[in-house]
Amino acid sequence: MGSMRQTPLTCSGHTRPVVHLAFSDITPHGYFMISACKDGKPMLRQGDTGDWIGTFEGHKGAVWGATLNKDATKAATGAADFTAKIWDAVSGEEVHSFTHKHIVKSVDFSSDGTQLLTGSNEKVLRIFDLGKPDAEPIQFSGHTSNIRNVMFLDGNKQIVSASDDKTVKVWDATSGKEIQSLEFPRSPISLELAKGGDVLVIAYGPMVSFWKTTPTLEKIKEYEVPTQVNFASINPQKTIFVCGGDDFKMYKMDYNSGAEIESFKGHFGPVHCVRFSPDGELYASGSEDGTLRLWQTTVGKTYGLWKCVAPEDSVNNVDATPTKSEA
C-alpha cells in the first residue's frame with residue numbers, strides 16, 4: 001500500500017482560519033460536521049463527503065468553538081462577540097443566545113442535549129439548562145487564565161476544562177466543586193474524549209497524552225510529535241491517533257507504540273483542529289489556510305466520495321493473471 005497517495009477532499013467556503021470542528025454521532029441520515037471559523041460563519045456539512053448544507057448566520061465576531069448534539073438536530077457555537085448560541089441545525093435558525101462577559105472559546109452539549117457547557121476568557125465555566133434558558137447558569141471558578149476547551153465527562157456527572165494557566169481541571173457538574181487539577185509544563189491546548197468516554201486525549205506543546213477518565217484522571221501514556229500540536233484525535237477503535245500543528249503537517253500515529261504511520265503536508269498553514277469521524281473511516285482537519293480537509297483512514301478504500309480507483313502508476317494489479325499480451 002506504500003504507493004497509495006492520500007488524496008484529501010478539500011472543503012472550501014470559509015474566508016478565514018478554521019479553528020475548530022466537530023462531528024455528530026451517526027444518525028439515520030449519516031453523520032454531520034460543523035466548523036468554527038474566524039469569519040464568524042460556522043458551517044454545517046455532510047460528514048462523509050464534506051458537502052455544504054448550510055451556514056449559521058448571526059454572530060458578530062470570530063467563532064472559536066462549535067459542536068453538534070448527538071443526532072445533529074441542534075448546534076452550539078461560542079464566539080468573540082461574547083455570546084454562545086444554540087441553533088436549530090435543521091432550519092438554521094438561532095434558538096437562543098447566552099451573553100457572557102468575554103470571548104466564548106469552547107462549547108459542549110451534555111450527552112442528552114439538555115445542557116450547554118461554555119468556557120470563556122472570563123476564566124469561568126458555565127452550565128446552562130436549555131429547558132430553562134433564562135435560569136441562572138451553574139458557575140465554576142478556579143482557573144486563573146483563559147479557558148481554551150471544556151467538555152462533559154462521565155455521563156455528564158463531571159466536566160473537564162483546559163486553560164492557559166497550564167492546568168486541566170475536573171469539576172463536579174452538580175456542585176461546581178473542583179475535583180482534580182493537573183499541571184502541565186505548557187498550556188494544554190486541546191481536549192478530546194474518545195468514543196466510549198473512557199480515554200481523554202490532551203495535547204500540550206509537542207506532546208499528546210492519553211488519560212483514563214474514571215474515577216479520576218490518570219495518565220495512560222504520552223508521545224512526542226515533531227511539532228507544536230494544536231489538536232489530537234483518537235479513532236473510535238483506539239488503534240491510531242492523528243494530530244496537527246504548527247508545521248502544516250498531518251501526523252497519523254500508532255496509539256499502542258507511538259510510531260509514526262505517515263505524515264504529510266496537507267495544508268498551507270498551521271493545522272488548528274483534527275477530528276475522527278464517528279465511524280473512524282476518515283478524519284477532518286481545519287487550518288489557518290481557511291480550508292477544511294477530509295482524509296481517509298484507510299487509503300484506497302471506497303468510502304464517501306473516494307472511489308477505489310488507483311492512479312495508473314500505482315501497483316494495482318499485483319494479483320491479476322497476466323493477459324496474453326503481457327505473458
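Modeller: Gladly, and we can begin with a side-chain pair. A polar contact is a pair of N or O atoms within 3.5 Å; within protein, one must be able to donate a hydrogen and the other to accept it, and residues adjacent in sequence count only if both atoms are side-chain atoms. Here the side chains of K169 and S181 are joined by such a contact of 3.0 Å. This is a predicted model, where local features need pLDDT of at least 70 and side-chain atom pairs count only at pLDDT 80 or more, while totals for chains, interfaces and linings use all residues. Residues are numbered from 1 along each chain as its sequence is written, and side-chain values use heavy atoms, leaving out hydrogens and water.

Colleague: Is K169 buried or exposed?

Modeller: Buried means under 20% relative accessible area, exposed over 50%, and partly exposed in between (1.4 Å probe, protein chains only). K169 counts as buried because its relative accessible area is 7%. Contact means heavy atoms within 4.5 Å; not counting residues up to four places away in sequence, K169 touches G142, H143, I159, V160, S161, E178, Q180 and S181.

Colleague: In which strand does K169 lie?

Modeller: Helices (H or I, at least four residues) and strands (E, at least two) are DSSP runs, numbered from the N terminus. K169 belongs to strand β16, residues 167-172.

Colleague: How do strands come together in a sheet?

Modeller: Two strands pair if DSSP finds at least two bridges between them.

Colleague: Which residue in the hairpin of β3 and β4 takes a positive phi?

Modeller: That is G40, with a phi near 80 degrees, in a hairpin that has 5 residues between the strands. β3 (residues 32-37) and β4 (residues 43-46) are antiparallel over 4 bridges, and S35 stands opposite M43. β4 also forms a hairpin with β5, again with 5 residues between the strands, and G50 in that turn has a positive phi of about 80 degrees.

Colleague: How should I read a pocket?

Modeller: Rolling a probe the size of a water molecule over the atoms shows where empty space is left. On a 1 Å grid over the protein atoms alone, a pocket is an open set of points where a 1.4 Å probe fits, with protein on both sides within 12 Å along at least five of seven lines; lining residues have an atom within 4 Å of a point. A volume is the space filled by probe spheres set on the points, which are joined across faces, edges and corners. The largest pocket has a volume of about 900 Å³. Of its 40 lining residues, the closest to the centre are F23, D25, K70, D108 and L193. β14 gives the largest share of the lining, 5 residues.

Colleague: Where is L193 placed?

Modeller: L193 sits in strand β18. L193 is partly exposed because its relative accessible area is 25%.
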